[in-house]
Amino acid sequence: MRRLENLDLGAEPMVIEIGPSHPAMHGITRMLTKLDGEVIVDLDVDIGYLHRGFEKEAENSNYIQIVPYTDRLNYVSPLINNVGYSMAVEKLFGLEVPRRAEFARVIMMEISRITDHLTCLGAMAMEVGAMSVFIWFVKAREYLWELVEEVTGARLTTNWTRIGGNANDLPDGFLSMLSDRLTKVEAVIDEGDAMLLRNKIFIDRMKGVGILSKERAVSYAFTGPMLRACGVPYDVRRADPYSVYPELDFEIPVGSVGDCFDRFLVRMEEMRQSMSIIRQASEKLPAGGYLTHDRRASLPDKLDVFSSIEGLIDHFKIVMEGPKPPPGETYTAVEGGNGELGFYIVSNGTGQPVKCRVRPPCFNFVAALREMCIGHYVADIVPIFGSVNMIGGELER
Amino acid sequence: MTASAETPNSAVPPLTALLQAAFPQSVRDRHAQGGEETVIVRRQGMLDLFRFLRDDPRCAFDLMIDLTAVDHLPRTPRFEVVVHLKSLAHNHRLRVKIPIEEGQEEVDSISALWVAADWYERECFDMYGIRFAGHPDLRRLLLYPEFAGHPLRKDYDHRLQQPRVPLRAVRERHDYEMRVQYPEGVEKPRNPA
């Protein structure tokens, strides 16, 4: 037999396409990886498979018609998108939202934040092998979707906020249902915590993987849990407070290293903080209306429409022409599940926006994916991409 | 540096006034409608202005939050590149707008200052056709390479359908050339087809 020393084995980098349709790709993202054995030498992320033209459609719709499109942006936390967009248009109009509606929005937004984090963490756990934790977190997510369905009528395509308030009030018996479900969700999160966070296999897969230094993260304009995991305590709810967040008490979990384990921990703690916010908001929920009485942007009660001429005219104008904000522009940011979700809306006084831009938080994370993955093994793409929480709807609109 | 830096604390000028004093040729206009500080700058000298915004300690805009463009057809100048910045240290925001005329759709790339701008500029090019001089790799991001046109322009009808892309040729199979010495008469094994 020929001895191995006489063989001259050449090697060159292998290009593997982790194709758009892939179980670990969280939707559809194509990664062209150049590998030297198992080590990633280069990585090109190819996105755009879910680009549906949100901005173009928004330019051809009136302001109320855009709300259902926003559901489908970050589709695991639709209420945050709904509220962010409505807040931007309310800023253009200069509208005040009733206090009860603000508290209701905060409750629903935090529920959405918990569902977003449950999805992200469950998927991360499943992909490194902890399938049970994924099933548990999906079960917990179902409890929360029952709540969302009670209020909005749908689990994902909520379409709940209107310009100046919400489509409907929180239903009777919602608060007791809320506290009941939150207790169950908390029990599930504790189970997931116990299963994973002191588990050697999980820690070995996550710790030290996908580190991005604080300076690079800031240069990539990371926001949200990804930036907080690097040690920067930037949260839009504290930096540019909106709605009734100044009246609620919560902490901002901050990591230290900026690896996948820190991002996991930050999201776990944020879920607990969100539950605390929901409990405070439901205690402080005042009585009142759910929609502003300003008729420039909100439909009047049907009773007014059918019994007074003013109600009829207001209803007619809003349905036929849509709300018409005064000319101007605004950039309004809310803290989404992934970070700073910004809406930049430019109005020229007509019923359709000149520009309705969504600043997607996970866009920056996927842009940084190349830098985070180079030098790691192929198997590390899975926890890194999972920690990024790329939501196709938000990334590509 | 400038006279405005020595004004007493009780009369701290807005950031945009500071910018206008520091860059009198670049800054065309400034306003703070809705409480959102906005400055409109010329394309010439924009890189120096952005570098000042990032590095000057009074500005310290370390997060490049958003970069996009707006098409104001039929108004002129037709396009406006809009950059949103945020400072972590001072917690202030700024919007910088760079108007550009139709037919001269090119501005300087700020991706050397903030890495985030890399993908945002690619998307802006993809959607509006605005070129960014100095960008390392300006190609389409969200749309496929054979896409004709720039969809977010106002003269692109939102109902327009693109023609089907012909099936792309399959890339040559990557054949590993193992430099192995085989004895005479033995055929090199071929990769399975």
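## A walk through chains A and B

Start by selecting strand 6 and strand 7 (residues 340–347) of chain A: the two run antiparallel and eight bridges join them. Keep in mind that you're looking at a predicted model.

You have an open sheet of three strands, ordered 6-7-8, with antiparallel pairing. Which strands stand at the edges? Strand 6 (328–335) and strand 8 (355–359) of chain A do; each has a single partner strand, so one side of each is left without a neighbour in the sheet. Turn the view to look along the sheet and you can follow its twist, which averages 10° from one strand to the next.

Keep the sheet on screen and select residues 78–93 of chain A. That's helix 3, lying across strand 6 and strand 7. Against strand 6 of chain A, helix 3 runs at about 150°.

Time to zoom out to the whole of chain A. Its secondary structure comes to 17 helices and eight strands. The C-alpha trace spans about 100 × 45 × 35 Å along its principal axes. How does the radius of gyration of chain A fit a compact globule? With 397 residues, such a globule would have a value near 21 Å, and the 23 Å of chain A agrees. If you colour by burial, 50% of the residues of chain A count as buried.

Next, bring chain B into view and look at where the chains touch. The contact takes 38 residues from chain A and 32 residues from chain B. On the chain A side, the elements that each supply at least two residues include strand 1 (14–18), helix 1 (54–59), helix 8 (214–219) and helix 14 (361–367). The sheet you began with is there too, as strand 6, strand 7 and strand 8 each supply at least two residues. Strand 7 of chain A gives the most, with four residues. Colour this side of chain A by residue type and you get 17 nonpolar, eleven polar and ten charged.

Last stop: chain B. Select strand 1 (residues 27–31) and strand 2 (residues 38–41) of chain B, which run antiparallel and are joined by four bridges. B:Asp29 has B:Ile40 in strand 2 as its bridge partner. This hairpin has six residues between the strands, and there B:Gly34 takes a positive phi near 70°.

Definitions and conventions
Residues numbered from 1 in each chain as written. Chains lettered and ligands numbered in written order. Predicted model: local features only at pLDDT ≥ 70, side-chain atom pairs only at ≥ 80, totals over all residues. Pairing = 2+ DSSP bridges. Axes fitted to C-alpha atoms, helices over the stretch in contact; angles between N-to-C directions. Contact = placed C-beta atoms within 7 Å. Rg over C-alpha atoms; globule rule 2.2 N^0.38 Å. Buried ≥ 20, exposed ≤ 12 C-beta atoms within 10 Å, placed from the backbone. Nonpolar A, V, L, I, M, F, W, Y, C, P; charged D, E, K, R; others polar.
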